[in-house]
Amino acid sequence: MTLQLNPFIMLDGNAQEAISFYEVALNAKVLFKQTVGEGPQNPDAPLSSEEKERIAHSVLKVGDSDLFVSDLFPGQALQKGNQITICITTDELAKSQAFYDSLQQGGQVLIPLSEAYFSPAYGMVIDKFGVTFQIFTKKK
């Protein structure tokens, strides 16, 4: 089983600026970057060109660590507690389900654990201490 905990910085429209900054300030290397517009689109909820330019996900390598940076999804508001989250990454559906079930106890589900175009099981919860966790299952 693979298991990683990664810091995940969530910004409100300036993730690309932050990525460029971290490339210099932290000598970060961009391993992956995708805009919202590069992902699947919902024809019932068209996005503006500005919304499509937002960063849906990026992975920066800083030394031996990965740093995730993205913009909030269109319509989400930046608020205390959701700017930096912890992303739990595993390659086992059962382990993702167990983390999701455990962390939501006494907390709040933001995104139910379910299949997404980028993961067989992805979800987001705020635990009872106000910490936001993303649960991400790698595709095999």
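Leu5 counts as exposed because its relative accessibility is 58%, where exposed means over 50% relative accessible area, buried under 20% and partly exposed in between (1.4 Å probe, protein chains only). Leu5 lies in strand E1, residues 3-11; strands (E, at least two residues) are DSSP runs numbered from the N terminus. The model is predicted, so that local features need pLDDT of at least 70 and side-chain atom pairs count only at pLDDT 80 or more, while totals for chains, interfaces and linings use all residues. Residues are numbered from 1 along each chain as its sequence is written, and side-chain values use heavy atoms, with hydrogens and water left out.

The largest pocket holds about 760 Å³ of space. A pocket is an open set of points on a 1 Å grid over the protein atoms alone, with protein on both sides within 12 Å along at least five of seven lines, where a 1.4 Å probe fits; lining residues have an atom within 4 Å of a point. Its lining comprises 29 residues, and Gln34, Ala56, His57, Tyr117 and Phe118 lie nearest the centre. Elements giving two or more residues to this lining include E1, strand E2 (29-35) and strand E3 (55-62). By class, the lining of the largest pocket has 17 nonpolar, 10 polar and 2 charged residues; Ala, Val, Leu, Ile, Met, Phe, Trp, Tyr, Cys and Pro count as nonpolar, Asp, Glu, Lys and Arg as charged, and the others as polar.

The second largest pocket has about 150 Å³ of space. Among the residues that line this pocket are Met10, Leu72, Leu110 and Met124. Two or more lining residues come from each of strand E6 (108-116) and strand E7 (119-126).

How values were computed
Helix = DSSP H or I, 4+ residues; strand = E, 2+ residues; numbered from the N terminus. Points joined across faces, edges and corners; volume = space filled by probe spheres on them.
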